[in-house]
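A short report is given with it.

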Amino acid sequence: MSLNKKPWKVLLVSLAAAVSFSMLAACSNNSSDDTAVATYNGGTITAKEFDLDTRVMKFLSPQQAQYLEIDMFKESILKQEVAFEYLAGQATDEAKKAAEKEVDTQIETIKTTLGDSYKSSLKEQDLSESDLRSYMQRVLTVYQDMLLKVTDEQVKTEYEAIKADFTVATLRHVLVGLTDADGKERTDADALKRANEAKAKLDGGADFAAVAKEYSDDTSTKDTGGEYKDTALSKYVEEFKAAAQTLPLNTISDPVKSSYGYHVIKVESRKETTFDTLTAEQLETVKSSAASASLESFLEKDLDSLKIEINLPKSTAAADEPGTAATATPAPADATEAPAATEAAK
């Protein structure tokens, strides 16, 4: 088991694309309907256009297809499609040209990743490469425009907000997972109890390596003393990162809960990276994060100013109907937010 954040699986690792992918929901049938499903100040989106975008999203992120019949997510993603169409129309020529180059790069990445299945995957969604390029051009234009508008002051402000990501630490941990080494599930209470047992032994002076070997479910470190050496905290899930950033050196933490289970942590060294020592690559990461924040701010604060009117037909599987996709599978993060945007931009 690894503590690293789950890598972004979709193939467009751009801010704007990430927002769309992470909150996918839309009509699922190939449509030729020119009826407007959304109108806003300055434009419309037709059922045909929305359906095409949906099929592109399904191509790029098929794992999200299960949410296609949830009305609340259909409406939210349609509002975001309005935002992208509007913002792309406001973008500079420089942003559009930069997006064209990025589209070429991303298409090649997709082809390399999918290999022989690239053409068949497009065909499965009744798409051409031109359809894919058109969609990517729009969302990447928005991203590039946001990126070009980021000021030096915004970069410095964003660094202060995310500077923990650039801290490098050597630490040890014991992970008590919600599943044991034999694949048997543990209750939360049982996992916490076992984590407290490990902590008690460490507090009593037991050797960390011995405790990790006995208790830890992190297969990548349990036989090496539970150590992660000189690792940037950005690599860790949020709860673990926060603990590693604030825990006094060479002390044993209380159990810290994350999606993996409970961690007992000891930070042995920690070095912050100051703004003036950031590498060019790290500066670009901060800039991308600032662009992400700008887009999220627009979606949260300015979208209503477009006076969007939605005219979507109700799905056959209503969101509150027992046994439908909406109740059979947990819903993704609130579609009114953009939780994956920052991570995807990194």
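The report covers confidence, the sheet, the nonpolar cores and the surroundings of one aspartate.

This is a predicted model, in which local features need pLDDT of at least 70, side-chain atom pairs count only at pLDDT 80 or more, and totals for chains, interfaces and linings use all residues. Residues are numbered from 1 along each chain as its sequence is written, and side-chain values use heavy atoms, with hydrogens and water left out.

**Confidence.** The chain has a mean pLDDT of 83, with 80% of its residues at 70 or more; pLDDT is the predictor's confidence in each residue, from 0 to 100. Two stretches are listed below with their contacts (heavy atoms within 4.5 Å).

| Residues | pLDDT | Contacts in the model |
|---|---|---|
| 5-29 | below 50 | 101 contacts, beyond near neighbours in sequence |
| 317-346 | under 50 | 56 contacts, beyond four places in sequence |

**Sheet.** Helices (H or I, at least four residues) and strands (E, at least two) are DSSP runs, numbered from the N terminus. Three strands form an open sheet in the order 2-1-7, paired antiparallel; pairing requires at least two DSSP bridges between two strands. Strand 2 (43-46) and strand 7 (309-310) are the edges, each pairing on one side only. Strands 1 and 2 are joined by four bridges, and Ala-36 stands opposite Thr-46 in strand 2. Helix 2 packs on the sheet through strand 1 and strand 2, its direction making about 65° with that of strand 2. Helix 3 also packs there, touching strand 1, strand 2 and strand 7, at about 50° to the direction of strand 1. These angles run from 0 to 180 degrees between N-to-C directions, with axes fitted to C-alpha atoms, for helices over the stretch in contact.

**Cores.** A nonpolar core is a set of buried Ala, Val, Leu, Ile, Met, Phe, Trp, Tyr and Cys residues joined through side-chain atoms within 4.5 Å. The largest has 48 residues, of which Phe-59, Leu-132 and Met-136 touch the most other members. Helix 6 supplies its largest share, nine residues. Leaving aside residues up to four places away in sequence, Phe-59 touches residues including Ile-110, Tyr-118 and Leu-132. A second, separate core of 13 residues includes Leu-171 and Phe-240.

**Asp-218.** This residue lies in the loop between helix 9 (208-215) and strand 4 (227-232).

Note on methods
Buried < 20%, exposed > 50% of the residue type's maximum accessible area, 1.4 Å probe, protein only.
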